[in-house]
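Here is a short report on how some chains meet and where some residues sit. Keep the structure in view as you read.

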Protein chains: 4
Amino acid sequence: MPMETAPPRHLTPRRRPRQARATATLDAIFEATIQVLIAVGPNRLTTTRVAERAGVSVGTMYQYFPHKQALFYALNERYLDALAERVEGTCRAMQGAPIGQMVEALVATYWSAKTERPEVTRALYRSVVELDNGALIDAFARRVDRATAEMFASAPDATFADLQTVNLTLLASIFGTVRSAFERNLPELQGEAVKRQLITMCRAYMETVKLPSHESEAAKKNPSPGQEAALAGIGKS
Amino acid sequence: MPMETAPPRHLTPRRRPRQARATATLDAIFEATIQVLIAVGPNRLTTTRVAERAGVSVGTMYQYFPHKQALFYALNERYLDALAERVEGTCRAMQGAPIGQMVEALVATYWSAKTERPEVTRALYRSVVELDNGALIDAFARRVDRATAEMFASAPDATFADLQTVNLTLLASIFGTVRSAFERNLPELQGEAVKRQLITMCRAYMETVKLPSHESEAAKKNPSPGQEAALAGIGKS
Amino acid sequence: MPMETAPPRHLTPRRRPRQARATATLDAIFEATIQVLIAVGPNRLTTTRVAERAGVSVGTMYQYFPHKQALFYALNERYLDALAERVEGTCRAMQGAPIGQMVEALVATYWSAKTERPEVTRALYRSVVELDNGALIDAFARRVDRATAEMFASAPDATFADLQTVNLTLLASIFGTVRSAFERNLPELQGEAVKRQLITMCRAYMETVKLPSHESEAAKKNPSPGQEAALAGIGKS
Amino acid sequence: MPMETAPPRHLTPRRRPRQARATATLDAIFEATIQVLIAVGPNRLTTTRVAERAGVSVGTMYQYFPHKQALFYALNERYLDALAERVEGTCRAMQGAPIGQMVEALVATYWSAKTERPEVTRALYRSVVELDNGALIDAFARRVDRATAEMFASAPDATFADLQTVNLTLLASIFGTVRSAFERNLPELQGEAVKRQLITMCRAYMETVKLPSHESEAAKKNPSPGQEAALAGIGKS
DNA sequence: TATGAATGAGCGTTCATTCAT
DNA sequence: CATGAATGAACGCTCATTCAT
């Protein structure tokens with residue numbers, strides 16, 4: 001699925017990899033960038049260092065990326081693409097599931113994606129400063145927004161007065177909480193606990209703001225106090 | 001109020017401001033740093049530029065900060081101190097209030113603090129990369145943790161099986177969501193909507209995970225399904 | 001006397017020398033540039049090499065010149081200024097002299113200026129490629145044009161139907177012939193011979209194209225065949 | 001026609017073009033060089049760019065020219081060869097003509113050659129810096145010297161006390177004036193005017209320095225004052 | 001033989017830091 | 001103490017040249 005906002009031309013690799021060799025080189029460069037990012041941070045990352053680590057010459061690197069920024073841009077693009085794909089996969093898989101399971105799956109997917117190679121995640125969080133990444137983040141956000149909104153719309157047990165806002169909030173919360181947890185460098189166990197709590201929080205939220213669906217007529221007549229407040233909140237905006 | 005983790009000695013201003021003059025100079029430097037950060041970003045921020053903007057010479061700046069990092073460190077320290085103070089103020093003010101109001105006040109305080117001068121907030125978010133900020137963030141987090149935990153413990157209408165984890169999750173969620181919202185550059189109105197929804201979410205979460213307090217015996221006998229799940233979740237960890 | 005076309009701001013030294021020290025540094029840099037130019041030519045002239053030779057650091061050089069081009073620009077500007085001044089001096093001195101002496105003095109001045117430090121002259125001829133020197137040359141040319149035209153206009157023994165064109169041609173011839181002679185690397189003696197011949201040529205030319213002045217009525221009635229052709233030539237243009 | 005001074009071996013094309021294919025390639029490379037020179041100037045001219053423009057690979061280019069310098073050398077060689085040929089043609093054609101016509105034809109030929117493709121001329125003037133062109137220029141100069149000297153010697157209406165010096169001066173003047181005119185970027189019309197004036201100047205010069213030939217005994221007895229001066233000038237050298 | 005990806009020395013330029021004034 | 005000119009290591013990037021294919 002293509003991104004909505006085409007990335008500025010000059011931030012794209014100069015040559016598209018056509019042969020296996022080029023792809024391997026590209027991979028090596030990306031991996032080297034991450035490794036250098038982890039090892040010395042974005043400030044002391046130099047093109048020479050990356051090239052060395054990737055086992056290519058600077059010149060070669062510059063055949064793939066017209067400048068340093070382009071490297072960071074491509075790296076983030078690639079990473080966000082993969083991430084978006086995983087989220088989209090989950091969304092597809094959970095079409096029609098009960099809302100609670102959707103939320104759980106969503107958090108689990110995102111959490112896993114960020115946690116599998118935590119140093120990489122951290123490195124990328126840090127690399128972002130080098131970048132005019134507005135467009136990239138936007139594109140990613142929109143892409144995920146759409147996927148999750150579609151999923152939620154398919155829930156049999158819930159509809160929403162303002163799905164758009166609910167969706168936005170939910171994603172901001174998931175993405176942000178994961179980042180915060182990361183930045184606090186929680187020990188494994190505590191991390192897991194937070195993850196579970198995050199699921200609880202998101203489920204509670206969705207329960208609170210959902211409208212009773214056609215399939216659960218009973219609830220419509222006795223909205224919980226929390227629901228009332230939430231609806232009022234949205235209504236007032 | 002001193003921080004728990006003493007900052008590495010070399011990251012502290014060389015001279016403690018004793019005179020009004022020195023304080024004024026320090027303020028000017030900090031403000032200049034922020035302005036330059038906003039204007040050109042952390043990569044093109046140079047010590048010379050900051051000094052110029054602050055109306056002092058580089059040499060003078062180096063009397064206050066032994067190197068660039070120290071400047072960023074002190075800037076963030078100062079900012080986080082102020083932020084922590086505001087949160088602590090709110091916590092003190094909400095001692096003994098119902099849990100829902102506590103949450104609402106907490107979100108509102110943090111949101112305001114971040115939103116009042118959004119460019120400054122953004123600038124600081126960006127400046128962080130220059131920094132080995134682990135210690136700083138830790139200290140800030142711990143300080144806020146303690147304040148909010150104390151506040152929640154004083155709630156007349158709720159107790160928690162694992163206040164520590166709940167507190168951690170709540171803060172991660174608030175801090176993270178605000179940051180996410182920031183990074184998406186939401187228009188004013190949508191931002192407000194998300195803020196309200198964040199309150200809803202946090203209240204729903206606290207409602208879900210709270211144990212019925214001694215003062216509300218009734219609830220203890222009919223826990224909601226959500227509460228059951230949440231408690232189970234904590235229990236399993 | 002200021003130049004007509006102000007040089008592009010970015011091609012001017014960053015800091016105007018205010019103290020003796022700065023002036024000395026500037027001189028050292030200019031001299032070093034010339035020496036390096038002579039030693040290795042414009043292609044292998046590097047900012048580092050110039051700085052080294054000037055006994056300053058690159059950084060210092062960049063305080064005076066924002067980039068390499070600016071250095072070349074300033075060097076040529078300075079040289080052309082001095083050259084123009086000398087020519088203007090001669091023109092002032094020869095006001096009212098007979099046309100033949102004017103021409104002789106003009107050639108002598110220009111020739112001397114170029115010949116005194118021949119390697120410098122050659123170095124500067126070569127440095128020009130690095131430069132968008134159109135403006136500089138124009139300014140110089142205009143300045144000299146004006147000075148010589150004024151001088152010729154004051155000649156008691158000649159007036160010209162189209163002084164503008166005559167002047168232009170004469171200067172092109174002098175400047176060009178000197179350059180050509182230079183490029184052929186003539187031995188001292190032969191160079192001197194060419195110089196004398198150049199004077200002869202220019203005098204012959206002026207004799208040919210001059211109109212008899214009021215003070216020499218006789219000539220008016222018997223124009224030489226050469227004069228006729230020349231006048232026709234101008235007339236036809 | 002071979003040059004007098006053999007060019008340094010390493011500055012010569014590696015392969016002498018024997019087949020039509022090779023010649024076409026060479027032509028393409030030369031033309032491409034000129035185009036690139038015009039488009040971006042000698043400093044930003046790269047071998048890759050030239051090869052691209054010529055429609056060959058860099059590798060191929062390096063088969064014809066062992067390095068960049070050799071390319072420039074060959075380009076100038078070719079250009080100067082053609083130019084010399086044209087001048088020689090004119091000289092042959094004007095054998096035995098009156099001196100005035102010789103001069104006129106000579107200027108006209110040279111002027112045309114330089115003016116026909118002015119951007120090319122300018123590009124080549126600029127390319128010269130890349131080159132240790134002393135040998136090339138020398139060879140060209142000597143070749144033209146010989147041709148014109150021979151022509152002038154055949155003039156029926158003039159002989160010269162020091163043909164060598166007169167010839168040298170005349171050529172320096174023509175070549176130099178044309179170059180100067182070029183560098184001042186004169187508008188078409190003014191250019192034409194200068195050209196005509198240059199002819200006038202050169203004719204006047206030759207008239208002044210010529211000795212009356214055997215065929216015009218009368219003149220010998222009444223040398224004009226200008227002639228006297230000129231002869232004295234030569235004599236003194 | 002032609003190709004063009006790869007190389008890496010070397011360039012122009014920046015900027016944190018020092019220290020003579 | 002304050003100043004800001006001077007320093008020079010280090011960076012991003014280019015491009016002549018090579019050589020495996």
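Predicted model: local features only at pLDDT ≥ 70, side-chain atom pairs only at ≥ 80, totals over all residues.

H8(C) gives the largest share, 14 residues. Sorted by class, this side of chain C has 20 nonpolar, 14 polar and 9 charged residues.

The interface of chain C and chain D also holds 4 salt bridges. Take the one between Glu183(C) and Arg179(D). Their side chains meet with an N to O distance of 3.7 Å. That pair counts as a salt bridge because the cut-off is 4 Å.

## The area between chains C and D

How many residues of chain C are in contact with chain D? There are 43, and they are in contact with 45 residues of chain D.

The size of an interface is often given as the accessible area lost when the parts come together. For chain C and chain D, the buried area is about 3700 Å². Carbon and sulfur atoms give 61% of it. On the chain C side, Arg184(C), Gln197(C) and Met201(C) supply 19% of the area buried against chain D.

## Chains A and B

Now turn to the interface of chain A and chain B. Here 43 residues from chain A and 44 residues from chain B take part in the contact. The two chains bury about 3700 Å² between them. Of this area, 61% is on carbon and sulfur atoms. Which residues of chain A lose the most area to chain B? They are Arg184(A), Gln197(A) and Met201(A), together 19% of what that side buries.

The count of salt bridges across the interface of chain A and chain B is 4. One of them joins the side chains of Arg179(A) and Glu183(B), at 3.7 Å from N to O. Helix H7 (134-153), helix H8 (163-183), helix H9 (188-209) and helix H11 (225-236) of chain A each supply at least two residues to the side that touches chain B. H8(A) gives the most, with 14 residues. By class, this side of chain A has 20 nonpolar, 14 polar and 9 charged residues.

## Cysteines

How many disulfides are there over all chains? The count is 0. Cys202(A) is in no disulfide. Its nearest cysteine sulfur belongs to Cys202(B), 10.0 Å away. The cut-off for a disulfide is 2.5 Å.

Is Cys202(A) buried or exposed? Its relative accessible area is 0%, so Cys202(A) is buried. Cys91(A) has a relative accessible area of 3%. That value is under 20%, so Cys91(A) is buried too.

## Arg78 in chain D

Arg78(D) is in helix H4 (residues 68-94) of chain D. Its relative accessible area is 39%. This lies between 20% and 50%, so Arg78(D) is partly exposed.

Which residues does Arg78(D) touch, not counting those up to four places away in sequence? They are Asp27(D) and Phe30(D). Phe30(D) is 48 residues from Arg78(D) along the chain. The C-alpha atoms of Arg78(D) and Phe30(D) are separated by 9.2 Å.

Key
Residues numbered from 1 in each chain as written. Chains lettered and ligands numbered in written order. Heavy atoms only, no water. Contact = heavy atoms within 4.5 Å. Buried area = accessible area lost by both parts, 1.4 Å probe. Helix = DSSP H or I, 4+ residues; strand = E, 2+ residues; numbered from the N terminus. Nonpolar A, V, L, I, M, F, W, Y, C, P; charged D, E, K, R; others polar. Buried < 20%, exposed > 50% of the residue type's maximum accessible area, 1.4 Å probe, protein only.
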